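Please keep the sequence and the coordinates at hand while reading.

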Amino acid sequence: MMLSVIIVNFKNAPLLRLALTSLARAMGNTMTFEVLVIDSSSSIETQNVVRHDCKDLFERLVLIPFAHNTGYTNGVNEGLRRATGEFLLVLNPDIVVLPGAIDGLISYLRDHPRVGLAGPGLLNFDDTRQESCFRFYTPLVMLARRIALPFTKNLLNRFRMQDADLSGPVSVDWIMGSALMTTRHALEQVGYMDERFFLYLSEVDWARRFWENGFTVAYVPTVRMYHYHQRQSKGRFGIMDVLLRQQTRWHIKDAFWYFKKHGTHGTRPHQGEPLQPGLITT
């Protein structure tokens, strides 16, 4: 199998249907591939999308339902354990895949064997660029993203890599988990996502481990996908969201594990690569 596509869905049948439809149109008959849908808190509605609405779009479409909310990290790992492909693409159901995008990522990883994890450029539906590559977190960055703080504009701009040239493929600290591709070879060296992270920061931790194992993490904006981005961990009430919103509490808990594991410095593990972003040529 050339490619395994892993989609982790949570109670969103309409977006799952759109994602699968766009994937089928984008892939065509260019390669052998399988699609694994990990369905958290699975319902009849979402099961019908896979078993009936979209079953004829793919040669191999597998539904893996969970009665409970298994979380993003566990869902991705379940897909990775069952996947048989040489290339492994993790997608959220709010991604619309454009024709040529998956071929583009596969070609990029083949041409750059030191790159272990790659993500496409993500677009809003008005074709504006969406922020999807970042520098590693510090506690101050995380706090400033949730609560308006004085004197943090430059700090946040640097976190969002607004000081870097993102017009072409470039090495970055981490990329948003909505669309990630790796290889079987890299996965065997780095391992699965850390399941101590329930929903958030697992892709940040994973990217750090790719760096620690001598791989480069790449943002590839020449390959594009649409993304219906919903930042669910941030509500309207600042620090009060801790009391009012479960997603916020999940985010804070996952942040605690992240900083406990990696420290608070926010620097990239150094494996002979420049610490500043750089175009990837080899």
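Valine 49 is buried, its relative accessible area being 0%; buried denotes under 20% relative accessible area, exposed over 50%, and partly exposed anything in between, with a 1.4 Å probe and protein chains only. The model is a predicted one, in which local features need pLDDT of at least 70 and side-chain atom pairs count only at pLDDT 80 or more, while totals for chains, interfaces and linings use all residues. Residues are numbered from 1 along each chain as its sequence is written, and side-chain values use heavy atoms, with hydrogens and water left out.

Valine 49 belongs to helix H2 (residues 44–53); helices (H or I, at least four residues) and strands (E, at least two) are DSSP runs numbered from the N terminus. Apart from neighbours within four places in sequence, valine 49 contacts Ala13, Leu16, Arg17, Leu20 and Cys54, contact meaning heavy atoms within 4.5 Å. Valine 49 and leucine 18 are separated by 31 residues in sequence and by 9.8 Å in space, C-alpha to C-alpha.

Helix H3 (residues 72–82) contains glutamate 78. This glutamate 78 is also buried, at a relative accessible area of 17%. Residues up to four places away in sequence aside, glutamate 78 touches Ile38, Ile64 and Phe66.

In helix H4 (residues 101–111), the buried residues include Ala101, Ile102, Leu105, Ile106, Tyr108 and Leu109. Why do they lie on the same side of H4? They cover an arc of only 160° around the axis, the arc being that of the directions from the helix axis to the C-beta atoms. In general, an α-helix has 3.6 residues a turn, so residues three or four places apart point the same way.

Turning to the aromatic rings, rings of Phe, Tyr and Trp (its six-membered ring) pair if their centres lie within 6.5 Å; planes under 30 degrees apart count as stacked, over 60 as edge-to-face and the rest as tilted. The count comes to eleven aromatic pairs. Phenylalanine 256 and tryptophan 257 have ring centres 5.7 Å apart and planes at 70°, so this pair is edge-to-face. For tyrosine 258 and phenylalanine 259, the centres are 5.4 Å apart and the planes at 75°, so this pair is edge-to-face. Tryptophan 257 is partly exposed at 25% relative accessible area, whereas tyrosine 258 is buried at 1% and phenylalanine 259 is buried at 15%. Elsewhere, Phe134, Tyr137, Phe159 and Trp174 form one aromatic cluster.
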